[in-house]
Amino acid sequence: MTVLILTREQDVTADLVVAQLNRTGVPVVRVDPADLPGQVALSGEYVHGSFRGHLSAGGRLVSMSGLRSVWLRRPGVPATRTAEPSAWLTEESSQALYGMLRGTGARWMNDPDAARRARHKPWQLRHAQACGLPVPATLITTFPQVARDFAERFPDLVVKPVSGTHPQEPPRTVPTSRIAPDTDFAAVAFGPTLLQRRIAKTADLRLTVVGDRVLAARKAVPSDAHPDEVDVRYAASTAPWQPVDVPARTATAVHSYLRGAELAYGAFDFVEDADGIWWFLECNQSGQFGFVEMDTGQPIARTIADWLAREEPEAGPRRTGRIRATP
Amino acid sequence: MRLFVLNYARDTEQLEFSAPYTYDSGLQLNVLADGRIAAHDQGLMRELGATTSTAGSKTHFDD
């Protein structure tokens, strides 16, 4: 039984998992959907009440019935590296590939439909609340007056993109940023704006959850850090990520989150305040993990590889990972 | 008509670089010129930021 990894060639983080699977002798086929059709080819036959499908890439041929799991890591957009790309060909290729794969009994990390929903930050915030995780007061609005009222109630705010993405035309980076007290909110009318109460943090926390396993890391905020430095991704601090124990209540809540989201993998970002409260910021359903593994030595790649390699009995199509709640 | 959040945007650092590794479709891994697996060279990964939480921001939602 084979593990199928859907990702780009340049994804060196995925390499960590491929190497682990190679070490244990688990067959792997790595495919970038951008190469379909062309470097990647597929075929599926629905005859006499059954389905037989095949996928080939890099000289490897795999039967779709022989897939034990699919890792939806960082796949390219289907048919974008073909000789004559078009939006229509992308849709055709996407429907063929993902449609066939959805019909297999393979376990997904993560299920594409669940992944799509889980990318929505507004949904994440509500789901986190429902799972009992502390969420900083947040407003998403296009009403300038509502933003002004919110700023009166919560005078220390940050702003961040609703989607978590960065604009590309031209390419710009939009870190989570602190808002000055006298800010003019008129431009809120031009696009949905996410405002959130700034948590005076003592540390950033990254919980990488793989199936039922939580690998948590903490990065302390230096005592002399400027309060405007809110986004750990762009902070000047060179403090390393270090392993940290997870409070039982938080562990239960993140398991509940993933179970409800139908995800097998999630990278949770929290900030810790002076009272020791872990505030939920977001859960990236395909979050990076290499940088945490390098600092902490936590076996994240191996844990992912183990999850992907696990053999489970067939239980019908489109199964997601089962998450066991931590007691 | 400038979106509010874009008042906080920064110029994107030019991350164009020639990666010192290439994808080997036989191994299904990125390898260095000497054949080692690039991802296992932690010094190089740190230098390039290839596995950090900002890697891939251009093309993916998830950091």
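Which residues in helix 1 of chain A meet which residues in helix 8 of chain A? L16(A), V17(A), Q20(A) and L21(A) in helix 1 meet A301(A), R302(A), I304(A), A305(A), L308(A) and A309(A) in helix 8. By class, this contact has 8 nonpolar, 1 polar and 1 charged residues (Ala, Val, Leu, Ile, Met, Phe, Trp, Tyr, Cys and Pro count as nonpolar, Asp, Glu, Lys and Arg as charged, and the others, Gly among them, as polar).

A word on the model: it is predicted, local features need pLDDT of at least 70, side-chain atom pairs count only at pLDDT 80 or more, and totals for chains, interfaces and linings use all residues. Residues are numbered from 1 along each chain as its sequence is written, while chains are lettered from A and ligands numbered from 1 in the order in which they are written.

Now to the geometry of the helix pair. The axes of helix 1 (residues 12–23) and helix 8 (residues 300–309) of chain A come within 8 Å and cross at roughly 60°. That makes helix 1 of chain A oblique to helix 8 of chain A (angles under 35 degrees count as roughly parallel, over 145 as roughly antiparallel, 65 to 115 as roughly perpendicular and the rest as oblique).

Chain A is divided into three domains, with bounds from an automatic or database domain assignment:

| Domain of chain A | Residues |
|---|---|
| domain 1 | 2–104 |
| domain 2 | 137–197 |
| domain 3 | 200–320 |

In chain A, 16 residues of domain 1 are in contact with 13 residues of domain 3 (C-beta atoms, placed from the backbone, within 7 Å). Helix 1 and strand 6 (67–74) of chain A each supply at least two residues of the domain 1 side.

Note on methods: Axes are lines fitted to C-alpha atoms, for helices over the stretch in contact, and angles run from 0 to 180 degrees between N-to-C directions. Helices (H or I, at least four residues) and strands (E, at least two) are DSSP runs, numbered from the N terminus. Two residues are in contact if their C-beta atoms, placed from the backbone, lie within 7 Å.
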